[in-house]
Amino acid sequence: MSSSAVTAGGSKWVLDFYPRGYVMPEHASLYLNVANPEALTSDWSCHVTFTLSVLNPATKEPVEKATFSKLFNKEVHFRIESHGQDGH
């Protein structure tokens, strides 16, 4: 399941969520991806600092939260594997 695209830093981004994991079905997977990689030039790159949070719907408190700094290019997509509520 993908979020709507948002524009930040001149690029369009989406969050891709796999509640049953992308590689490991016992863990949820959350990816930050460029929304339109086919439209990027071969030399495109973007340094991004971002925070991903998963909130408990009942309390609105973060269950999982992490900040990353990542250099994206046309071939690189970022993935964070959620390993349960404590991050392990």
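This is a predicted model: local features need pLDDT of at least 70, side-chain atom pairs count only at pLDDT 80 or more; totals for chains, interfaces and linings use all residues.
Visitor: Is Asp16 buried or exposed?
Guide: Asp16 sits in strand β2, which spans residues 11-18. Its relative accessible area is 11%. Buried means under 20%. Therefore Asp16 counts as buried.

Visitor: Which side chain makes a polar contact of 2.6 Å with the side chain of Asp16?
Guide: The Asp16 side chain has a polar contact with the side chain of Ser2, at 2.4 Å. The contact of 2.6 Å joins Asp16 to the side chain of Asn33.

Visitor: Which strand holds the residue Ser29?
Guide: Ser29 is among the residues that Asp16 touches, leaving out those up to four places away in sequence. Ser29 is buried, at 1% relative accessible area. Its strand covers residues 29-34 and is β3.

Visitor: Which backbone nitrogen lies 3.1 Å from a polar atom of the Ser29 side chain?
Guide: The Ser29 side chain supplies one polar atom of the pair. The backbone nitrogen, 3.1 Å away, belongs to Tyr22.

Visitor: Why is Asn73 classed as partly exposed?
Guide: Asn73 lies in strand β5, residues 62-73. Buried needs under 20% and exposed needs over 50%, with partly exposed in between. Asn73 falls in between because its relative accessible area is 31%.

Visitor: How many Å apart in space are Asn73 and Val34, C-alpha to C-alpha?
Guide: Asn73 touches Trp44 and Ser45, not counting residues up to four places away in sequence. Val34 is 39 residues from Asn73 in sequence. In space, C-alpha to C-alpha, the separation is 9.2 Å.

How values were computed: Residues are numbered from 1 along each chain as its sequence is written. Side-chain values use heavy atoms; hydrogens and water are left out. Helices (H or I, at least four residues) and strands (E, at least two) are DSSP runs, numbered from the N terminus. Buried means under 20% relative accessible area, exposed over 50%, partly exposed in between (1.4 Å probe, protein chains only). A polar contact is a pair of N or O atoms within 3.5 Å; within protein, one must be able to donate a hydrogen and the other to accept it, and residues adjacent in sequence count only if both atoms are side-chain atoms. Contact means heavy atoms within 4.5 Å.
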